[in-house]
Amino acid sequence: VVLGAHCDTVPDVAGANDNGSGTAIVLSLAEALAGKSLPFDIKIIAFGSAELGLLGSQHYIESLTPAELQRTKAMFNFDAVGTGSTPGILGNQDSLDLALDIGEDFAVNLEVSQGIRGDSSDHASITAAGVPVLMFFSNDFSRIHTDADNMLDFIELELLGGALLVAEALLQSPEFAKAVAVN
């Protein structure tokens with residue numbers, strides 16, 4: 001299971017939300033899952049060159065052998081998670097259903113979305129390779145790729161915490177383990 005976020009931003013923009021927020025979640029998940037016994041391997045990846053056309057995630061997929069690609073059962077992507085009022089989620093229906101149930105259990109109101117209009121993220125490269133994905137983001141893109149994406153003051157910790165909580169619980173759930181069982 002790949003846990004990913006892009007670690008680059010556009011030139012001359014700090015990228016507090018896009019994508020400091022996603023990178024922070026992936027690092028927090030790595031810390032939370034360290035030492036836990038899971039029935040699958042986890043790969044933590046900070047993709048580069050997403051802002052240049054998803055080059056990092058495309059390179060990652062192209063570098064996998066057919067056997068490695070077949071063993072890749074899911075990908076969670078975190079991108080621009082930190083601003084707005086509602087955490088968004090999109091992806092594979094089975095993972096969506098599990099995430100929504102977990103969100104409900106923890107009072108995290110996830111909004112299912114079709115995605116970011118006119119834009120994409122590293123999950124697109126992974127999806128194109130046939131791997132089920134779950135992408136976490138938020139519903140305010142007004143500061144992305146602008147000088148205003150420079151302050152942590154705009155980051156809503158509740159959004160990051162909600163995505164982290166749902167992802168961590170999902171990764172540790174028996175239902176998810178069954179869904180990604182390696183044959």
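Two exercises on a predicted model follow, each with a worked solution. Residues are numbered from 1 along each chain as its sequence is written, and side-chain values use heavy atoms, without hydrogens and water. Local features need pLDDT of at least 70 and side-chain atom pairs pLDDT 80 or more, while totals for chains, interfaces and linings use all residues.

**Exercise 1.** Find which residues of the largest nonpolar core touch the most other members, and which element gives the most to this core.

*Solution.* A nonpolar core is a set of buried Ala, Val, Leu, Ile, Met, Phe, Trp, Tyr and Cys residues joined through side-chain atoms within 4.5 Å; buried means under 20% relative accessible area (1.4 Å probe, protein chains only).

1. The largest core has 33 residues, and Phe 76, Phe 78, Phe 136, Leu 171 and Phe 176 touch the most other members.
2. Helix 6 gives the most to this core, with six residues.
3. The buried residues of helix 6 include Ala 163, Val 166, Ala 167 and Leu 171.
4. Beyond its neighbours within four places in sequence, Phe 136 has contacts (heavy atoms within 4.5 Å) with residues including Phe 76, Phe 78, Ala 163, Val 166 and Ala 167.
5. A second, separate core of ten residues includes Val 2, Phe 47, Ile 126 and Val 131.

**Exercise 2.** Compare the span of helix 6 with the expected span.

*Solution.* Helices are DSSP runs (H or I, at least four residues), numbered from the N terminus.

1. Helix 6 covers residues 157-171, which is 15 residues.
2. The expected span is 1.5 Å times one less than the number of residues, and for helix 6 this is 21 Å.
3. From first C-alpha to last, helix 6 reaches 21 Å, close to the expected value.

Terms used. Helices (H or I, at least four residues) and strands (E, at least two) are DSSP runs, numbered from the N terminus. Buried means under 20% relative accessible area, exposed over 50%, partly exposed in between (1.4 Å probe, protein chains only).
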